[in-house]
Amino acid sequence: MGRAAPGWRVYSQSYQDGLLGRIFDRFGTTNKRFVEFGLGYTSTDALTDAAMDALQLNTRMLARHRGWSGVYFDALVEAPAFGVRRALLTRDSIVHAFDEAGVPADVDYVSIDVDSIDAWLLLGLLEDVRMRPRVISLEYNGNFLARDSVVMNETWVPWNGRSMFGGSAKALVDIGTRHGYKLLYLMSYFDLFLVREDVLTTRCDLH
């Protein structure tokens with residue numbers, strides 16, 4: 001879609017900051033809680049407030065300027081002072097990890113961006129009917145054609161800089177659709193945004 005309006009990017013990789021601001025202005029919040037996956041292969045020693053600002057996190061603006069709180073999961077980093085939990089999440093373990101971290105079942109926002117098993121984590125999260133995030137964003141692999149439903153294998157591997165990783169937009173949207181989520185916005189690259197159907201219907205006519 002088109003170029004973002006000036007000022008929409010605060011901390012995020014692209015204009016996810018602005019999109020999230022607009023989404024929650026439109027649909028409101030329940031608990032102002034979030035979960036985000038992946039810190040971009042940083043190290044524990046490098047984590048400071050300034051470093052967190054520079055990590056291009058989708059949730060940093062919410063935490064810094066909108067009074068939100070949450071938890072970060074990372075396969076390599078543990079930093080309790082910043083709410084970072086070290087966990088190699090899988091389809092089978094993701095809901096248990098959320099439970100251990102005290103994530104509410106209707107958490108307002110979940111950001112999935114691991115450049116690997118994103119589709120499998122989404123599937124594991126939504127297969128458990130107790131977990132019903134209101135808004136979910138996922139980074140999709142724009143190297144796949146829009147009509148193709150493609151996911152990589154179910155075992156996490158660090159991104160190697162090549163074009164074969166993650167899942168296609170169609171694959172991620174199809175998983176969401178099967179579990180009661182609608183595509184709200186597809187960025188021209190990077191992320192797509194899913195909203196739970198009952199949340200969407202409070203402001204939009206789906207018929």
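Start by selecting helix H5, residues 118–127, where the buried residues are Asp 118, Ala 119, Trp 120, Leu 121, Leu 122, Leu 123, Gly 124, Leu 125 and Leu 126. That is nine of the 10 residues of H5, so the helix is mostly covered. Here buried means under 20% relative accessible area, exposed means over 50%, and partly exposed lies in between, with a 1.4 Å probe and protein chains only. Helices (H or I, at least four residues) and strands (E, at least two) are DSSP runs, numbered from the N terminus.

Before moving on, note that this is a predicted model, in which local features need pLDDT of at least 70 and side-chain atom pairs count only at pLDDT 80 or more, while totals for chains, interfaces and linings use all residues. Residues are numbered from 1 along each chain as its sequence is written, and side-chain values use heavy atoms, with hydrogens and water left out.

**Stop 1: Leu 122**

Stay in helix H5 and pick Leu 122. How accessible is Leu 122? Its relative accessibility is 0%, so Leu 122 counts as buried. Now show what surrounds it. Leaving aside neighbours within four places in sequence, Leu 122 is in contact (heavy atoms within 4.5 Å) with Ile 112, Ile 136, Leu 138, Leu 172, Ile 175, Gly 176 and Leu 194.

**Stop 2: helix H6**

Next, select helix H6, residues 169–178, and colour Ala 169, Ala 171, Leu 172, Val 173, Ile 175 and Gly 176, which are buried. What do the buried residues of H6 pack against? They pack against helix H5 (118–127), strand S5 (135–139), S6 and strand S7 (191–196). After H6 comes Gly 180, with a positive phi near 90 degrees.

**Stop 3: Gln 16**

Jump to helix H1 and pick Gln 16. Is Gln 16 buried or exposed? At 1% relative accessibility, Gln 16 counts as buried. Not counting residues up to four places away in sequence, Gln 16 touches Asn 58, Met 187, Phe 190, Asp 191 and Phe 193. One of these, Phe 190, is 174 residues from Gln 16 along the chain, yet their C-alpha atoms are separated by 9.2 Å.

**Stop 4: aromatic rings**

Show the rings of Phe, Tyr and Trp (its six-membered ring), which pair if their centres lie within 6.5 Å; planes under 30 degrees apart count as stacked, over 60 as edge-to-face and the rest as tilted. The structure holds nine such aromatic pairs. Tyr 15 and Tyr 185 make one that is edge-to-face, at 6.3 Å centre to centre with 85 degrees between the planes. Tyr 15 lies in the segment before H1 and Tyr 185 in strand S6, so this pair ties together parts that are 170 residues apart in sequence. Tyr 15 is buried, with a relative accessible area of 8%.

For another edge-to-face pair, select Phe 24 and Trp 68, whose ring centres are 4.8 Å apart and whose planes stand at 65 degrees. Phe 24 belongs to helix H1, while Trp 68 is in the loop between helix H3 (60–65) and strand S2 (69–74), 44 residues apart. Both Phe 24 and Trp 68 are buried.

**Stop 5: a pocket**

Select Trp 8, Leu 19, Arg 22, Ile 23, Arg 26, Phe 27, Leu 184 and Tyr 185, which line the second largest pocket. A pocket is an open set of points on a 1 Å grid over the protein atoms alone, where a 1.4 Å probe fits, with protein on both sides within 12 Å along at least five of seven lines; lining residues have an atom within 4 Å of a point. The volume of this pocket is about 170 Å³, meaning the space filled by probe spheres set on the points, which are joined across faces, edges and corners. Which element gives the most to the lining? H1 does, with five residues. Helix H1 (16–27) and strand S6 (181–186) each supply at least two.**Last stop: the whole chain**

Zoom out to see seven helices and seven strands. Of the 207 residues, 46% count as buried. Colour by pLDDT, the predictor's confidence in each residue, from 0 to 100: the chain mean is 87, and 87% of the residues reach 70 or more.
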